Amino acid sequence: MARIRDQRAVPALLIAIALLLVGARVASLLIKPDRENAQVRWVSLEEAAMLARSTGKPLLLYFTADWCTPCHQLDAEVFAKGEVAAAINENFVAVKIVDRQREEGQNTPDIASLQQRYNVRGFPTLQFVDPMGNELARMEGFRGREEFERVMESAIR
Amino acid sequence: MNVVVILETLRRHVTNGFYIAYLALIAIVALGASNFDKPASLWPTLIGALAIICGAGVIGPEFSSGTLQLVLVKPVNRAIYLLSRVAGVVLAVWIGAGVGAVCEIVGRLAWGRAAYAGIGLTLLNAMCDAILTVALLALLGSVTRAYFNVAIYFAVRFTFGVMPLIIGMLRSSRNDLGQFLKEYRDIDKVLDIVERNLFPDVLPRFDRNWTLMVLANAAVALLLACIAFRKREVPYGAD
């Protein structure tokens with residue numbers, strides 16, 4: 001009988017590993033990242049589509065251009081702030097789409113089609129969309145950190 | 001773990017003509033895709049399919065063929081046997097993943113493309129994902145016979161794929177169910193979370209939460225598989 005019981009025992013090591021991994025997973029969800037020194041994790045368009053699908057997070061599409069002064073203001077006063085960056089990383093997949101029309105005469109087809117799809121008429125334009133591409137919220141121009149946070153909150157809800 | 005079972009499982013795969021042909025396909029695809037801008041763009045999908053193909057036969061067919069009955073009359077711990085079979089299958093899938101990554105790197109060297117970033121991390125993520133896929137198929141295989149595990153796996157995966165569409169259609173109806181679904185929109189989120197936990201996409205970069213999710217889910221699936229397998233009746237002979 002003892003041999004049969006041994007034959008059917010579940011290894012304690014497997015139970016320990018499973019508990020450890022589940023515990024680590026729960027802990028990683030509970031531990032908040034260092035918010036003060038956080039930086040926005042901008043990803044490429046291809047990666048963004050995959051990340052949005054796999055994480056279920058909405059996308060933050062940031063349409064900008066190198067020559068756009070209000071965009072630099074937005075970068076410095078909003079995206080460079082650790083608190084805002086941490087909130088963006090936590091809730092969104094962030095994509096920076098840089099317009100090259102003025103420098104190179106045209107944009108890549110991907111960028112051109114996105115600008116057309118989301119009716120981008122100026123910079124900066126911030127478009128929040130769900131993983132299916134449906135619009136959640138939008139901000140055109142730089143209107144300060146508070147306004148950005150208000151729009152972002154409405155996209156999270 | 002039983003090294004003999006692991007090596008025998010691995011041997012069965014690496015001497016199988018279909019497996020070798022599939023590795024050749026992975027190599028060709030990885031070499032072809034090495035000229036793409038985006039690294040590791042095609043072969044991870046083939047690795048996902050290889051995990052399903054190899055995982056389908058972790059334990060189910062041994063019930064039907066009667067092999068399992070012969071094995072388990074020996075003083076072998078059932079859980080150790082199951083885990084060793086899983087380890088052998090996972091190793092076989094990892095070899096495929098390694099072939100894909102190496103061929104892409106060789107191809108990129110030949111094409112003079114320096115974009116290697118992401119290949120190593122995609123390889124690691126594909127390896128983690130393979131553990132989860134094989135673990136899920138082992139869990140399904142420990143409660144079903146023959147290749148029913150892969151049928152259930154695909155059925156669940158398909159169901160989760162079409163569920164948002166069905167729920168969307170039901171929501172537009174005016175009956176009680178439609179009203180209920182309109183009221184409780186969090187159902188979509190719950191379904192999405194379950195789907196992402198069971199069938200995650202392979203990420204091209206390191207994400208601690210993703211890795212922990214995949215490994216924790218795989219460990220739980222293996223634990224449940226061992227629990228189901230320890231009480232499983234092993235009938236003699238084929239179906």
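1. Helix axes here are lines fitted to C-alpha atoms over the stretch in contact, and angles run from 0 to 180 degrees between N-to-C directions. On that basis, in this predicted model, helix H6 (residues 78-111) of chain B and helix H7 (residues 119-141) of chain B pack at an angle of about 155°, with axes 9 Å apart. Since angles over 145 degrees count as roughly antiparallel, H6(B) and H7(B) are therefore roughly antiparallel to each other, and their crossing is right-handed.

2. The contact of these two helices draws on residues of H6(B) including Leu82(B), Val86(B), Trp94(B), Glu104(B) and Ile105(B), which meet a set in H7(B) that includes Ile119(B), Leu123(B), Met127(B), Val134(B) and Ala138(B). By class, the residues of this contact comprise 18 nonpolar and one charged, with no polar residue.

3. Turning to H7(B) itself, 19 of its 23 residues are buried, so that the helix is mostly covered. Its length is also consistent with its residue count: at 1.5 Å a residue, the 23 residues of H7(B) should span 33 Å, and the end C-alpha atoms lie 32 Å apart, which agrees.

4. Between the chains, the contact takes 24 residues from chain A and 28 residues from chain B. On the side of chain A that touches chain B, the elements giving two or more residues are helix H1 (2-7), helix H2 (12-30) and helix H3 (45-55) of chain A, and H2(A) provides the largest share, ten residues. That side of chain A has 13 nonpolar, four polar and seven charged residues.

Key
Residues are numbered from 1 along each chain as its sequence is written. Chains are lettered from A and ligands numbered from 1 in the order in which they are written. This is a predicted model: local features need pLDDT of at least 70, side-chain atom pairs count only at pLDDT 80 or more; totals for chains, interfaces and linings use all residues. Two residues are in contact if their C-beta atoms, placed from the backbone, lie within 7 Å. Helices (H or I, at least four residues) and strands (E, at least two) are DSSP runs, numbered from the N terminus. Ala, Val, Leu, Ile, Met, Phe, Trp, Tyr, Cys and Pro count as nonpolar, Asp, Glu, Lys and Arg as charged, and the others, Gly among them, as polar. Angles under 35 degrees count as roughly parallel, over 145 as roughly antiparallel, 65 to 115 as roughly perpendicular and the rest as oblique. A crossing is left-handed if the near helix is turned anticlockwise from the far one by less than a right angle, and right-handed if clockwise. The expected span of a helix is 1.5 Å times one less than its number of residues. A residue is buried if 20 or more other C-beta atoms lie within 10 Å of its own, exposed if 12 or fewer, and partly exposed in between; C-beta atoms are placed from the backbone.
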